[in-house]
Number of protein chains: 2
Amino acid sequence: MTELLKKYIREHEQEILNTWFEALRIPSVSAKAEHKPDMRRMAEWLADILDRELGFAADIIETETNPLVFGQSPEVPGAPTVLIYGHYDVQPADPVGQWRTPPFEPAVIDGKVFCRGADDDKGQSLTHVFAVKSLLETDGKLPLNIKFIFEGEEEVGSSALSAFLESEENRRTLAADVILVSDTDKPAADDPGITYGLRGVVGYELTLTGPNRDLHSGLYGGSVRNPVIALCAMLSEIIGPDGKIRIPGFYDDVVPLSALERAELARRPFDEAEALAAVGLDASFGEPEFTVVERRGARPSFDINGITGGYQGEGGKTIIPARASAKFTFRLVPNQKPETVTRALEEFLRSRLPAGIKMDLVFQHGAGGMVIPLESPFLQAAARGLESVYGKAPLFIRDGGSIPIVAQAKERLGADLILAGAGLEEDGIHSPNEHFALRDFFLGIESSAAILTELAKAKR
Amino acid sequence: MTELLKKYIREHEQEILNTWFEALRIPSVSAKAEHKPDMRRMAEWLADILDRELGFAADIIETETNPLVFGQSPEVPGAPTVLIYGHYDVQPADPVGQWRTPPFEPAVIDGKVFCRGADDDKGQSLTHVFAVKSLLETDGKLPLNIKFIFEGEEEVGSSALSAFLESEENRRTLAADVILVSDTDKPAADDPGITYGLRGVVGYELTLTGPNRDLHSGLYGGSVRNPVIALCAMLSEIIGPDGKIRIPGFYDDVVPLSALERAELARRPFDEAEALAAVGLDASFGEPEFTVVERRGARPSFDINGITGGYQGEGGKTIIPARASAKFTFRLVPNQKPETVTRALEEFLRSRLPAGIKMDLVFQHGAGGMVIPLESPFLQAAARGLESVYGKAPLFIRDGGSIPIVAQAKERLGADLILAGAGLEEDGIHSPNEHFALRDFFLGIESSAAILTELAKAKR
């Protein structure tokens with residue numbers, strides 16, 4: 001990490017913040033149709049930045065859903081090519097009432113920027129844009145070939161980019177030696193990390209229907225199956241109090257953790273009581289034979305993300321609701337397949353469906369997990385880059401989150417993959433009051449510049 | 001039933017409908033604070049009707065919540081006194097989207113009036129007002145002393161009327177030989193009935209809280225207790241697939257049904273398949289050793305009325321929600337006490353509360369059930385009145401619904417009680433598209449006039 005680069009970043013902090021905040025103010029929520037125009041505004045803003053700030057050839061690629069944004073540097077013959085991936089869509093701001101500041105207006109409080117997308121993934125994505133700009137401004141040229149691809153659907157299943165990767169011509173457009181992604185966390189503010197494993201995810205919505213209308217619970221109670229009770233019973237059978245998923249065959253494809261891997265995961269600094277206290281808890285949950293770090297990163301899990309049914313207003317309403325539904329997800333580990341899980345789940349639920357209730361199970365999205373070989377020369381180069389910024393070697397970690405499209409892109413492009421996040425778990429991505437510390441953000445820019453510098457020297 | 005009276009009612013149908021529809025257009029939803037002004041409008045409208053149409057001395061009685069409306073006829077010395085009870089509040093119209101016509105605009109379709117409150121209880125209450133008016137107009141005077149009491153909180157626990165009954169002076173105001181109530185169903189359009197038993201009800205809201213904010217299900221999944229899953233598990237333990245409530249001691253105070261009573265209940269014409277088909281079901285539910293009629297009217301039951309937690313919008317959101325809650329009710333049979341059930345329930349839930357979850361159980365409302373002795377001379381007089389209108393003796397039935405305040409008023413006033421409804425189960429009270437057939441409504445007016453005529457001759 002050169003002093004010149006650091007100086008450049010320091011001197012342009014305000015300019016960088018202004019640009020970042022412009023991006024944060026566009027409420028690009030991919031899950032809600034009402035934000036459709038914001039998705040386009042956001043894509044146009046990004047293409048404009050690549051073009052105007054970096055002088056890249058930038059394109060908006062139309063898709064059946066939200067546009068992709070692609071940009072590439074002028075060619076540097078003989079140098080490796082890195083494809084930098086990011087996503088410009090964000091999670092919904094719900095529950096909006098729990099935000100202390102407006103969710104789409106960046107607010108700097110205690111050295112942190114509060115805004116939906118501050119970290120995930122506008123902040124993280126932009127660290128790379130600003131890093132490339134810093135390299136260009138301090139050196140006059142780039143040491144390697146750089147391509148950017150941004151999608152607008154990471155939070156809802158990446159269908160457009162996934163379809164884009166199906167075509168050989170498109171794969172030639174995106175071709176790279178290595179993919180660089182910042183959509184994961186670092187272990188701690190002063191501890192860099194490279195994520196070498198990610199969980200997959202599969203999401204569903206289950207709707208149970210009973211009577212053709214809400215019924216009076218006095219006139220009918222005790223003689224008619226209540227769809228909310230049926231839903232509670234069916235969902236609570238999926239997981240036991242020991243954190244084990246009870247669907248027959250669910251664990252069949254799970255590769256047992258090796259002793260070596262468990263030792264590596266145990267190196268991660270993790271204070272369980274402190275981590276729990278940070279989210280207001282005094283007890284953890286889960287499979288007793290695995291550590292909390294293992295449960296989060298290397299074991300599958302089941303969560304209900306939302307449930308709804310019947311009367312939810314003020315006071316009470318003495319009814320048997322006509323229907324009830326729930327959205328839920330499983331996190332998967334490498335080698336578990338969404339299709340297999342879906343088949344087993346459907347059979348499990350059907351076999352438990354009580355008389356008088358109809359079920360509708362909708363598959364919402366799914367992707368497998370992945371693990372990256374630690375011996376990749378690009379991974380080692382990235383580690384040297386991070387060490388030059390933080391003064392210590394990064395930890396190699398397995399992350400519990402899922403970036404489904406990344407696993408697919410890696411496989412489709414035959415490229416190596418570096419997941420080096422600049423944000424922290426405590427940033428509260430997907431939660432109200434999501435934030436990104438300014439220090440972490442600027443360290444992210446420095447880290448990206450250092451990683452790109454090291455990658456330029458690496459050989460496949 | 002005199003021909004003169006029938007003729008009077010027939011000739012005044014349009015005038016009666018106009019008055020009834022005025023009442024239906026006032027959205028007096030007691031469960032929602034936004035309707036507070038409508039509660040007063042409705043009370044004032046009722047007092048005005050008693051005063052203007054019947055020449056009764058009518059008062060609005062202020063309470064800590066919604067006003068009571070009281071009115072009484074000029075004294076008829078030596079004649080019995082009947083207290084007619086009704087409620088002017090209605091259930092919320094939710095889910096509003098499922099109404100085929102606007103919920104607070106009466107619409108006459110196929111001889112039925114569709115509107116929230118058409119039956120429960122504005123329509124039923126007003127049958128008595130119009131009956132009294134018909135008696136006055138055809139005879140010039142009333143054959144007995146009549147008092148009306150209307151409350152605005154039957155759907156939310158009757159707290160004002162309950163408090164009113166605490167004072168001896170107020171009990172003198174309401175003093176009567178018999179209470180007449182139309183807030184129950186008749187067995188079929190041409191089959192009159194007198195309800196001699198009602199279930200009680202007790203309602204709660206349970207909220208479970210886990211982490212202090214919604215968490216990312218990738219980063220935390222498998223290591224943190226999910227409050228929605230905990231809620232599902234706890235609630236589904238309350239009842240078994242056999243319809244049995246599993247709370248220890250719950251059935252301790254239930255008086256077994258006698259063979260005689262089961263025989264009486266079996267007399268009620270009831271086509272199970274038809275009743276199920278009417279609400280879109282092909283299977284019943286519940287305790288196998290009891291008939292559907294028994295389950296509905298004479299056995300306790302448990303229903304979740306509403307459940308909510310996490311993300312309920314479009315698409316998905318991969319979170320572990322911070323909290324989840326449910327509203328639920330138990331229907332009770334005579335001799336079961338709400339306090340006893342509450343204690344047992346709280347203990348049951350506490351013993352099942354998993355680590356990492358906090359619970360808050362709020363008691364919303366409660367009242368015991370009741371059974372009325374069949375030998376009451378007023379009950380027999382009412383039966384003769386109904387027979388004179390329908391040409392057949394009424395069935396004596398036990399209804400699954402609850403009118404908590406009625407049991408209390410009966411006890412406090414030491415009066416007999418007649419529950420003779422004019423509506424039908426199929427009217428869909430508490431559901432979208434609540435309605436009341438015009439024929440049933442006018443038969444209700446005739447029945448009330450006939451019952452009052454017979455009660456005038458009865459001796460305690």
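**Where is D121(A) found?** D121(A) sits in the loop between β5 (112-114) and α4 of chain A. The peptide bond from D120(A) to D121(A) is cis, with omega near 0 degrees. Helices (H or I, at least four residues) and strands (E, at least two) are DSSP runs, numbered from the N terminus. This is a predicted model in which local features need pLDDT of at least 70, side-chain atom pairs count only at pLDDT 80 or more, and totals for chains, interfaces and linings use all residues. Residues are numbered from 1 along each chain as its sequence is written, chains are lettered from A and ligands numbered from 1 in the order in which they are written, and side-chain values use heavy atoms, with hydrogens and water left out.

**Helix α4 against helix α15 in chain A.** Helix α4 (residues 122-139) and helix α15 (residues 438-457) of chain A pack at about 55 degrees, with axes 8 Å apart. Axes are lines fitted to C-alpha atoms, for helices over the stretch in contact, and angles run from 0 to 180 degrees between N-to-C directions. α4(A) and α15(A) are therefore oblique to each other (under 35 degrees is roughly parallel, over 145 roughly antiparallel, 65 to 115 roughly perpendicular, the rest oblique). Residues of α4(A) in the contact include F130(A) and L135(A), and those of α15(A) include F441(A) and L452(A). Contact means heavy atoms within 4.5 Å. By class, this contact has eight nonpolar, seven polar and no charged residues (Ala, Val, Leu, Ile, Met, Phe, Trp, Tyr, Cys and Pro are nonpolar; Asp, Glu, Lys and Arg charged; the others, Gly among them, polar).

**Helix α2 against helix α15 in chain A.** The axes of α2 (residues 13-24) and α15(A) come within 12 Å and cross at roughly 100 degrees. That makes α2(A) roughly perpendicular to α15(A). E13(A), I16(A), L17(A) and W20(A) of α2(A) meet L438(A), F441(A), F442(A) and I445(A) of α15(A). Seven of these residues are nonpolar, none polar and one charged.

**Two loops of chain B.** A cis peptide bond joins D94(B) and P95(B), with omega about -15 degrees. P95(B) lies between β3 (81-87) and β4 (107-109). S158(B), not a glycine, has a positive phi of about 55 degrees. S158(B) falls between β6 (145-151) and α5 (159-164).
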